[in-house]
Amino acid sequence: MAECHPVGFQWVMEAKRRGAAVIHVDPRFTRTSALADLHVPLRAGTDIAFLGGLVNHVLQNELDFRDYLLTYTNAPAIVDERFQDTEDLDGLFSGYDPQTGTYHPQSWGYEDAQAAAAAGHREMPKSGAGRTTPGDTHGAAGATLAAKPHMDRTLQHPRCVYQILKRHFARYTPEHVEQVCGIGQDTFRRVADAITSNSGRDRTTAFAYSVGWTQHTVGVQYIRTAAILQLLLGNIGRPGGGILALRGHASIQGSTDIPTLFNILPGYIPMPHAHPNQDLEAFVEADAGSTGFWGNMRSYVVSLLKAWYGPAATAENDFCFDYLPRLTGDHGSYRTVLDQIEGTVKGYFVIGENPAVGSANAKLQRLGLANLEWLVVRDFQMIETATFWKDGPEIDTGELETERIGTEVFFLPAAAHTEKDGTFTNTQRLLQWHHRAVEPRGDQRSDLWFYYHLGHRIRQKLAGSTDGRDRPVLDLTWNYPVEGAMDEPVADAVLREINGFGADGSPLSSYTELTDDGSTSCGCWIYCGCYADGVNQTARRKPGHEQSWVASEWAWAWPSNRRIIYNRASADADGRPWSERKAYVWWDPGERRWTGHDVPDFQASKPPDFEPEPDAKAEDALAGTDAFIMQSDGKAWLYVPTGLVDGPLPTHYEPHESPFTNVLYTQQANPTRQMYGHRANRYHPPPSDPGSAVFPYVFTTYRLTEHHTAGGMSRFLPYLSELQPEFFCEVSPQLAAERGLTHLGWATVVTARNAVEARVLVTERLRPLKLQGRTVHQVGVPYHWGPNGLSTGDAGNELLSVVLDPNVHIQEAKVATCDIRPGRRPRGRELLRLVERYQERAGIATEESP
Amino acid sequence: MNHQLSGPVDDVAAQAGYDDHPQRVGFFTDTSVCIGCKACEVACKEWNLVPEGGEPDLLGLSYDNTGDLGANTWRHVAFVEQAAPRREPVDLGMPAVGAPGGQETAEDDRDVRWLMMSDVCKHCTHAACLDVCPTGSLFRTEYGTVVVQEDICNGCGYCVPACPYGVLDVRPDDGRAWKCTLCYDRLGDGLEPACAKACPTDSIQFGTLDELRERAEQRVEQLRADGVTQARLYGESPDDGVGGDGCFFLLLDEPEVYGLPPDPVVTTKDLPSMWRDAGAAAAVAAGTVLAAFLGSRR
Amino acid sequence: MGRRTWIDHWPVVRQLTGSDPLGRGAASKSRHSDELTARTGTADRVVKSICPYCAVGCGQDVYVRDDAVTQIEGDPDSPISRGRLCPKGAASEQLVNSPSRETTVRYRRPYGTDWEDLDLDTALDMIADRVIDTRARTWQETDSEGRFLRRTMGISHLGGATLDNEENYLIKKLYTALGAIQVENQARI
């Protein structure tokens, strides 16, 4: 956090100053470790074993926050008797189909409560790369249940979630944590004591994470393990608690909320899949569930369609629901790159990204770029993605020749944040408006300008078309006001559309005002209220020192300006704060309203003792203690009965590439991980295969304070470039001795994908781990570089393969295996030969698919 | 007024001829909360329009690639990687306040520690650079800080060896000496210096020297009470060889570890006795220069 | 300026006549030093902004003079950042004023060996044509099972994490209307 979010880290230091203990869990000793009270160096890719050990510690010693657990989680829920755990099946859950590498999740549900996936409308996961995952199908609703489960509030029923959890995690002992993670038992116990003694009514523990948890083939389950732990300890929905995602880009949260993602529409509404004769009604019914706030999904969808298609969207034509294109599987970024190589994808817009060096298996990315008909790159600087045809690494190796690359490239210079109005959504869901300070120069334009005018131009060219496929384009509401000499679209007008309008044309104030009859429009239902009262709430800048510590009058947080979500859980079942010290929102019996420091994330007048009618719908079906209002049962899920493709509980699997076999189960790696067989994406053999010894070391990729992701915004700036002037790798003195590496000398890091050269930093901050009677060396590979700019070097992403988490299609970038050798890498064709020799030695030279 | 060249000075600005002046200001750099982010280096360069430091080079000094203070580096973050004997574990059971942590090394009884410190011109009470400057380019401001005046400096370089900390340096392409001005231009507008403003963790604190010294005393006492026995202040004492620094530090190890001289002494300490001998000659020379100058402006 | 005033500014005069006989302080102060002001104070306007790097969302004050950004520093009012910036945020002025920033459209024709100039309007028109043409050639109305698809699998997109919400909104809206579904961003990378 000190490395990549230094200004956010001021609050950690503030907490430390006030007495908080700071624990840093990371394979590397970073600038964060340097300031922490305790650094826990675990083997990369073993966090579930570590967190699972903590879960087990809490369960075995009954250190859970029992009142919280019983009130707000599904710990008492009874699970289907057909469910079999990894304890029963040696690392697999019931329902696994080895032919397709996927699960049939029907047995994972609650007893007598049909999970929505079994209700007939859902697609079953398909095999291979064409698979559909519940994440793709469901949006953020995740999954729904048709009925509330049976509960055993004594937590004694052998099939209640609590008991299943206890059995599932029983083998995550301190001894196993030591064997798997390389963390000493004393260190583990210190962490366990610290988090348990700092949780409860008076105290909370917070977890902050970043892509060190997400970029794994079991990334979603990493977060899930932390969620289980935090729910057991009562640390969700409370001040000083939570699981905080530290996101790396100014508006990466916003680009998920208003998604430039294939599987969702604004506000986490799923993109529809191809079904015979599915209308809006069936779409909503299949996905929404009838209880919880997703029970209003039809209102969100209809209001979105009204925002997009305006008068053309009517009740008679299902509000243009059929204008939405349909998915048939995984259309994620990596699948698309392979389709570029196969030639089915012709055109590519790259907007403020640099995949030629910034995405896993960078060569694969460039091979895709080289096989396009046309490519549009919009950026500040001449990044590698725009120049691959001229000076990309494959030109040097002879794999590509400039004169034979048919890709037509348009480079369009982009406007900077100071040159345009608009909002970024930060990592805590805060929309903050930035004002235009100056005009961009020359051809520099905002992306708002580009897309507005591109759309305008396309609509002009298609005007008069009678082809049905052009109706969605021509019926689109696309009349935004423009201003200035450049005809810049007015961002404020776009934000107003996102906020939405009522039947009378006035701005809406809350998503609860949305209707499903077409009388309201709203471009993103979770952002509804950002323009409440006709005021741009995101531009509010009341100084922090002039308001409460929650700072509710600075900018605007979705939903409804709530700064901590699910904050109903900051009070007990009766609506009283768990303690005075941790008071946040509470029920005011006199006023009969929820009140507090923040906007209550709950229906304001629903009393704590409210019990819903049996046939109630949407939020009316939630009880006064159902704090997790987006869930169909109002409960936080320790056990996930539906919605995940790799199991209802987190399970330690080894990374896809690991020098160790799984000591916890026979099942080595996530059985549902997504693999792509391709000659340019070869995988290393499993540790049981002698060929694996060719790649004996573990490497992990990461960022440095001084640079920004793939470098487009840092490697071209003198002041940042001089601070980290070139690509380097970090090794321990022991590994340096073992491989003959010298400090500041060159090393070549090799995988079956590619080889890169880097200057060597020999440092005791990288520590060999001793476990299972062996020593494992880890190589640190910061990944910011490429050949262009002022600070240059090979791209660490050359080394990675594309292998993905099956739920969210994120690549395993944080751990893989490699070899490292002294000296610079070969040039030209010799580089290819080097990699081929490694492939041959590992016995994977002819392998086409896994 | 006593025009000392060593020892404690109550009012350094008054000694420099400012009858009515603001309180002396400086930096307290608390390295126990420095995260080595280098925001200070960049913010300093951005504000002062300092050129980049020449051809970028990987120095291998841990994460430090600027190396030292210089004409183009007015703030410099030092990184010190240490492998030291194991510390007593901090009790994490209840909230604890502690020094930067460590990790186990491959050798089981040793911890790795990573110290970071943002170094800067000390703006000494007795600034040898100022004493030796023949042009009056280096001068004491009304804030008690020491500033090179770019319109006066003739690049003679006398100040460079005079500095006991090795702060001053001559910019090769323009020949003049450059260093931290404590953002003299910003002070005039009531702003804090750029580095202190940017510093994410408040490791760099700007303020009046009196207040900073008080704050530093409290901090070092607190750290020691929490078991950080190595915490100490550096440069805060008016009794040291430079009469105390306007910019002083809280360190977690010996000064040498950070590349700081353990006992800096103003290099012009012996000037008074030299001046007694040379004084008359100097006065005559100055008078002559003035007369010649007045004559030329007729 | 009269001679008396002018001479008053001469250091030696001030040194000999003032209270700084050693000439190390007030008497040595140059005209440049005397006239120094912070350029933040002389800016035409200060514009409120947000740092474009990571997702902490630090407040920035953008100082503008003669329609150029002259300084960017932390906004002390922000309850998130309290006026502080990291090295990247502190380098924002260099980011926006970078001399190596591209200012004109660059075009590389198929099989071309170098960049060519291209008018922005022409570029936009050509891109619009490429979209329309590709879309027509790769249109999928239904799949082999007769399921309704209404899409193109020929147009892909990557980007959005450093963009404004308003920009992403138009992007998603336009692509969805065009039937382009392979739209992705950094969130999955």
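This is a predicted model: local features need pLDDT of at least 70, side-chain atom pairs count only at pLDDT 80 or more; totals for chains, interfaces and linings use all residues.
**View 1**

**View 2. Strand 12 and strand 13 of chain A run antiparallel.** Strand 13 of chain A covers residues 430–434, and four bridges join this strand to strand 12 of chain A. One residue pair to look for is Phe424(A) with Gln432(A), the latter being the bridge partner of Phe424(A) in strand 13 of chain A.

**View 3. The sheet of chain A that contains these strands is open and has three strands.** The order of the strands in chain A is 12-13-16, and their pairing is antiparallel. The edges of this sheet are strand 12 (422–425) and strand 16 (556–557) of chain A, each of which pairs on one side only.

**View 4. Chain A as the setting for the close-ups.** The secondary structure of chain A comes to 25 helices and 28 strands, and its C-alpha atoms fill a box of roughly 75 × 70 × 55 Å along the principal axes. Because a compact globule of 850 residues would have a radius of gyration near 29 Å, the 27 Å of chain A agrees with that expectation. Of the 850 residues of chain A, 64% count as buried. When one considers the contacts in chain A between residues at least 6 apart in sequence, 70% of them join residues at least 24 apart.

How values were computed
Residues are numbered from 1 along each chain as its sequence is written. Chains are lettered from A and ligands numbered from 1 in the order in which they are written. Helices (H or I, at least four residues) and strands (E, at least two) are DSSP runs, numbered from the N terminus. The radius of gyration is taken over C-alpha atoms; the globule rule is 2.2 Å times the number of residues to the power 0.38. A residue is buried if 20 or more other C-beta atoms lie within 10 Å of its own, exposed if 12 or fewer, and partly exposed in between; C-beta atoms are placed from the backbone. Two residues are in contact if their C-beta atoms, placed from the backbone, lie within 7 Å. Two strands pair if DSSP finds at least two bridges between them.
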